[in-house]
Amino acid sequence: MENPGTVIITGASRGIGKAMAKAFAGKGYNVLINYNKSENAAKELYSQLVEKNLSVELCRADIAKRGEVDFMVDFCIKKYAGLDILINNAGISQSKLFTDIEEHDWDEMININLKGVFNCAQSVLRYMLPRKRGKIINVSSVWGIVGASCEVHYSAAKAGVIGFTKALAKELGPSNIQVNCIAPGIIKTEMLDSYSPQELDDLKNSIPLMRLGRPEEIAACALFLASKDADYITGQVISPNGGFVI
Ligand code: NAP
């Protein structure tokens, strides 16, 4: 199988990132699976993919911590003698009334969902910029576009990721590095565990396609943005959301 390149996927132990790791490894990419807390899940995914003779590596790093991110990026470049794509997928969510959000909730949300994107992008650019080649794909959310009640900190961080994407795309265009954003709708992962069955039913009923999205559908979007077919796309926000936000 032809090797299309090397990709770091943050938060690949579960959910959307896991589906991305499977999809990219299945297409022949070298995949660095990043995780933070879910060591067992990450190791299980790693073993599954290695058994299929796919090219994967595993690295724990908290994306909110720059030192750990630099270690992960250096580890990847050493293992695979290069790096072509960064997917900033890792993230957390929290549902709270705005008036109940405490300072540490706010800081944690911004540190992981926004500063984590900054940390990882700046770290990979040490390698990509001198080579004038690379792609960065950031995962935002529909809530970053339209805002979610009881998720003000999450929405603010995800809106920040969209602004970050557009600004960085302009700055890096002359260096031939594409920066794009995926803003998923409601996708069936553990992130939805805080929603009650009734809330999920109500959400489904407000989605024109009448169902939640699947992690594999977000992975397919990332595969496209990472491919040569997307070389002329930069600074864009693609929102696979079943028509929820149009
Ligand atoms: P998930 O199932 O909860 O998985 C989150 C992933 O992020 C896990 O692999 C987790 O790793 C990782 N992560 C969290 N904090 C981290 C940190 N500090 N450092 C490194 N990794 C960290 O969530 P998901 O639904 O797949 O979400 C993936 C992305 O899509 C997130 O950015 C989320 O905001 C976005 N999104 C999701 C939805 C949805 O409906 N599911 C909709 C729109 C956008 P560990 O468990 O190993 O710590």
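The second largest pocket of this predicted model holds about 310 Å³ of space. Its lining has 13 residues, and those closest to the pocket centre are Arg 133, Lys 135, Ala 226, Lys 228 and Asp 231. The ligand sits elsewhere: the space it takes is the largest pocket.

**Second largest pocket**

- Sorted by class, the lining of the second largest pocket comprises four nonpolar, four polar and five charged residues.

**Largest pocket**

- The space in the largest pocket comes to about 980 Å³.
- Its lining consists of 40 residues, and Arg 14, Ala 90, Gly 91, Ile 92 and Met 191 are the ones nearest the centre of the pocket.
- Helix α1 provides the largest share of the lining of the largest pocket, with three residues.
- The lining of the largest pocket splits into 16 nonpolar, 17 polar and seven charged residues.

**Shell around the ligand**

- The ligand has 32 residues around it, and the closest of these are Lys 37, Ser 38, Asn 89, Tyr 154 and Thr 189.
- By class, 15 residues of the shell are nonpolar, 12 are polar and five are charged.

**Polar contacts and burial of the ligand**

- The side chain of Ser 13 has an N or O atom 2.8 Å from an oxygen atom of the ligand.
- At Ile 16, a polar backbone atom lies 2.8 Å from an oxygen atom of the ligand.
- Ile 187 likewise places a polar backbone atom 2.8 Å from a ligand oxygen atom.
- On its own the ligand would expose 890 Å², and the protein buries 96% of that area.
- The elements that contribute two or more residues to the shell around the ligand are α1 (15-26), β2 (30-35) and α7 (152-172).

Definitions and conventions. Residues numbered from 1 in each chain as written. Predicted model: local features only at pLDDT ≥ 70, side-chain atom pairs only at ≥ 80, totals over all residues. Heavy atoms only, no water. Near = heavy atom within 4 Å. Polar contact = N/O pair within 3.5 Å; in protein donor to acceptor, adjacent residues only side chain to side chain. Areas by Shrake-Rupley, 256 points an atom, 1.4 Å probe, with all protein chains shown as cover. 1 Å grid on protein atoms, 1.4 Å probe; cavity = no way out; pocket = protein on both sides within 12 Å on 5 of 7 lines; lining within 4 Å. Sits in = over half its atoms within 2 Å of the grid points. Helix = DSSP H or I, 4+ residues; strand = E, 2+ residues; numbered from the N terminus. Nonpolar A, V, L, I, M, F, W, Y, C, P; charged D, E, K, R; others polar. Points joined across faces, edges and corners; volume = space filled by probe spheres on them.
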